[in-house]
Amino acid sequence: MQAHPVSPFRLTGRHVLLAFAGFFATIAAADAVLVSSALRTFTGLEAASPYHAGQVYAAELARARAQGARHWRLDSALARDGAGARLTVSLRGPDGTPLPGKDLRARLERPTDARLDQVLPLAAGAPGTYAGGLDALPPGQWRLVVEVTGPDGVELRRERRLTVE
C-alpha cells in the first residue's frame, strides 16, 4: 500500500464565491426574520384612537389661541429657602394691572424621574401676586409648570426650565 500524499488546501475562486454567497444569504435570512416579525407585531397605529387624539390636539390648539388672545403676563421667581424653596408668581393683565382672585397651581417636575415631582400650593398675597413654598427641594434640573384655572378649565399655562443649586 502506498500512502497518498495529502495536498495542502488551496483557496480557489469557487471557495471565495461560496463564502461570499453564504455571508449574504445569512444576512438576507436575518433581515427576512426581522421584517416579518416587525410586520406581524406593528399595527401601524400610534394612538388607540387617532380620531380622538386629533380632537384633543385641536382642543389644545384652541386653548393655546385663547390663552394668547388674553395677553396675560406671568412672571415667576424661585428662591432657595434653606433646604427648601419659595416660589413667587406675579400675574398681570394686558395693560400691566395685577390680576387678583385667580386660582393658580404650580408643580415642579423632574425631567428624569416623575416620582420626584412636587406640587407647590400657591396662596394669594398682594393683588396679582401668589406665593408658596416647599420644605425640601433637591438640587438639579426642574421644570416649573404654573397653571391659572378658571371656570372653563386652564386659562393660562406656562412652563419654564430651572436649575436649582
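What share of the contacts in the protein chain with a separation of 6 or more comes from residues 24 or more positions apart? I looked this up and found 54%, where a contact means heavy atoms within 4.5 Å.

I noted that this is a predicted model, in which local features need pLDDT of at least 70 and side-chain atom pairs count only at pLDDT 80 or more, while totals for chains, interfaces and linings use all residues. Residues are numbered from 1 along each chain as its sequence is written, and side-chain values use heavy atoms, with hydrogens and water left out.

Next I turned to the overall form. The protein chain has a radius of gyration of 32 Å, whereas a compact globule of 165 residues would have one near 15 Å (taken over C-alpha atoms, the globule rule being 2.2 Å times the number of residues to the power 0.38). Its C-alpha trace spans about 115 × 45 × 25 Å along the principal axes. Of the 165 residues, 22% count as buried, that is, under 20% relative accessible area with a 1.4 Å probe, protein chains only.

I then read the secondary structure and found 2 helices and 8 strands, in the pattern α-α-β-β-β-β-β-β-β-β along the sequence (DSSP runs, H or I of at least four residues for helices and E of at least two for strands, numbered from the N terminus).

Last, I looked at an open sheet of 4 strands, ordered β1-β2-β6-β5 with antiparallel pairing, two strands being paired if DSSP finds at least two bridges between them. β1 (73–81) and β5 (123–124) each have a single partner strand, so one side of each is left without a neighbour in the sheet. I found 9 bridges between β1 and the antiparallel strand β2 (residues 84–92), and A77 stands opposite T88 in β2.

How values were computed. Buried means under 20% relative accessible area, exposed over 50%, partly exposed in between (1.4 Å probe, protein chains only).
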